[in-house]
Amino acid sequence: MDLFAKRTGNPTLTNALLDHIIQNIILKVAPADTFPPSLQIFKPSDVTQFQKLSQYGEYSVEFLLVLTELIMIQEKTNYPSGTINLDLFQKIRDGADIFFLSSARLLSDKVAPKKQANYPIPMNPAPFKLERYFARYEFSARYLLCSSDCESLTIADLLALELGAEAAFKNHWLGYTESLGAPSLRREIANIYETIAPEHVLVHAGAQEAITLFMQAALQPGDHVIVHWPCYQSLFEIAKSIGAEISYWEARAENGWALDFDELERLIRPDTRLIVVNTPHNPTGWLMSRAEQARLELLCRERGILLFSDEVYRELEHNPADRLPAACDLDPNFVSLGVMSKAYGLAGLRIGWVATRNESIYQKMAALKDYTTICNSAPSEFLAELALRHRQELMARNLGMIQHNLTLLDDFFARHSERFLWVRPKAGPIAFPKLLQGDVEIFCDELVHESGVLLLPGTIYDHPGNCFRLGFARRNMPEALARLEEFLNR
Ligand SMILES: Cc1ncc(COP(=O)(O)O)c(C=O)c1O
């Protein structure tokens with residue numbers, strides 16, 4: 001692939017195509033430095049007009065779309081509208097211009113899938129089953145044995161991490177903050193990665209806002225998306241509600257919840273726009289190997305497919321040597337998702353982020369954020385930054401709790417091997433054991449009503465395998481497990 005195609009992630013957008021446009025259309029058709037009036041009236045969404053024009057055989061639809069996008073880009077700059085500036089177009093082609101990346105993605109979006117741009121994007125996602133389930137029990141059940149995050153801290157605990165933090169917090173300004181995220185927080189987040197600078201970090205209200213805005217920024221109705229499944233519902237639901245076509249890349253219990261990469265190759269189509277993975281994985285605790293990640297990286301790169309990597313459990317690998325590089329460090333087009341909620345146990349801060357060098361996705365997400373939260377909570381930004389400065393301590397605490405509770409679980413499942421199938425997770429604070437006798441929904445329902453212990457039936461993920469989610473990074477987990485055992489022995 002040549003440079004332009006590589007950077008747009010679209011094999012049809014070659015330097016040769018742009019050269020052809022410059023040589024054959026811009027220079028020949030508009031020698032007087034002015035576009036033909038027939039071209040000036042077109043808007044990029046006027047696909048039917050393009051089709052009509054292309055029927056006369058003069059230009060292909062694709063050429064005309066690209067050309068019109070170039071005019072639009074030019075008009076966004078200070079160049080006078082209705083005229084062409086060869087110099088600007090050549091700069092865009094050569095990748096030297098600052099407008100290059102966003103314009104490249106614009107072009108890619110318009111040209112790659114042969115379909116109309118449908119605005120406004122339809123968005124009416126189905127109810128979030130997991131959130132509705134938690135809404136019923138989270139604040140009433142005595143023992144949460146299925147939480148997906150680690151034990152939290154108080155504000156006082158956080159402020160005690162650093163001398164002077166309390167006074168600084170009290171004096172922290174409560175005006176609007178910078179929309180992209182406080183620069184000092186973005187610096188701290190960038191430190192988690194290898195190739196990421198603060199300007200590649202876009203801070204959101206939790207990972208959830210970031211998922212929604214990413215999908216809106218990246219997808220058009222009709223796009224094909226492959227999603228690692230079972231999964232956190234928003235990872236496919238938002239794409240579905242936009243009108244994307246979803247293929248589920250299924251993790252199977254009999255393979256230890258590993259993904260099958262031959263299956264991925266079968267799922268990929270010429271119009272596949274996006275692959276979504278979550279590793280370490282919710283709900284199974286599966287962790288992709290480095291070799292598998294390299295295969296995924298290559299597949300995406302070769303075929304110009306975007307990769308969205310939900311890494312909210314990264315840094316909670318039970319064996320730290322298993323930690324994968326973040327996707328955003330592997331390729332300038334890939335997007336990594338992070339959050340304070342899971343590995344750091346600070347869900348109440350509602351601070352999440354994407355890290356990516358993909359300028360076009362970044363800019364589109366930033367523009368959408370103006371319509372959701374505008375900026376983040378100032379106290380949360382302060383506390384998140386403080387916590388990240390001490391992230392090694394926080395993770396060590398959480399990993400310690402996870403390791404200890406995992407040994408309890410190993411013993412528990414050994415004692416009850418006739419009732420459960422235990423697939424030991426490799427990372428994170430959750431697992432997805434299978435109930436071998438009885439119906440998992442009835443089991444969870446009886447358990448919470450009789451013993452006050454909350455488990456999450458796998459049916460909430462629409463998973464038919466009679467599994468349930470178990471969360472084991474809460475301080476009272478040993479007690480909750482003892483209540484579960486009493487319930488089994490009753
Ligand atoms: C895999 C995964 N991604 C994203 C999220 C959303 O995180 P947050 O609730 O912090 O927005 C969750 C929350 O459970 C999750 O498990």
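User: In this predicted model, which residue of β8 stands opposite histidine 204?

Analyst: The model is a predicted one. Strand β8 covers residues 352–356, and β2 pairs with β8 over 4 bridges. Within β8, the residue opposite histidine 204 is glycine 352.

User: In which sense do β2 and β8 pair?

Analyst: Strands of a sheet pair through backbone hydrogen bonds, in either a parallel or an antiparallel arrangement. For β2 and strand β8 there are 4 bridges, and their sense is antiparallel.

User: Are α19 and α21 roughly parallel or roughly antiparallel to each other?

Analyst: Helix α19 (residues 391–415) packs with helix α21 (residues 477–489) at an angle of about 15°, and their axes are 10 Å apart. Angles under 35 degrees count as roughly parallel. The two helices α19 and α21 are therefore roughly parallel.

User: How many nonpolar residues has the contact of α19 with α21?

Analyst: From α19, Asn405, Leu408 and Phe412 meet Met477, Pro478, Leu481 and Glu485 in α21. By class, the contact of α19 with α21 has 1 polar residue and 1 charged residue, and the number of nonpolar residues is 5.

User: What is the handedness of the crossing of α11 with α18?

Analyst: The axes of helix α11 (residues 183–190) and helix α18 (residues 378–389) cross at roughly 30° and come within 9 Å. That angle makes α11 roughly parallel to α18. The crossing in which α11 passes α18 is left-handed.

User: How many charged residues are in the contact of α11 with α18?

Analyst: Ser184, Leu185, Glu188 and Ile189 in α11 meet residues of α18, including Glu381 and Arg389. The contact of α11 with α18 also holds 4 nonpolar residues and 1 polar residue, and its charged residues number 4.

User: What percentage of the residues of the chain count as buried?

Analyst: The secondary structure of the chain consists of 21 helices and 14 strands. The chain has 490 residues, and the share that counts as buried is 43%.

Definitions and conventions. Residues numbered from 1 in each chain as written. Predicted model: local features only at pLDDT ≥ 70, side-chain atom pairs only at ≥ 80, totals over all residues. Pairing = 2+ DSSP bridges. Axes fitted to C-alpha atoms, helices over the stretch in contact; angles between N-to-C directions. Parallel < 35°, antiparallel > 145°, perpendicular 65-115°, else oblique. Contact = placed C-beta atoms within 7 Å. Nonpolar A, V, L, I, M, F, W, Y, C, P; charged D, E, K, R; others polar. Buried ≥ 20, exposed ≤ 12 C-beta atoms within 10 Å, placed from the backbone. Left-handed = near helix turned anticlockwise from the far one by under 90°.
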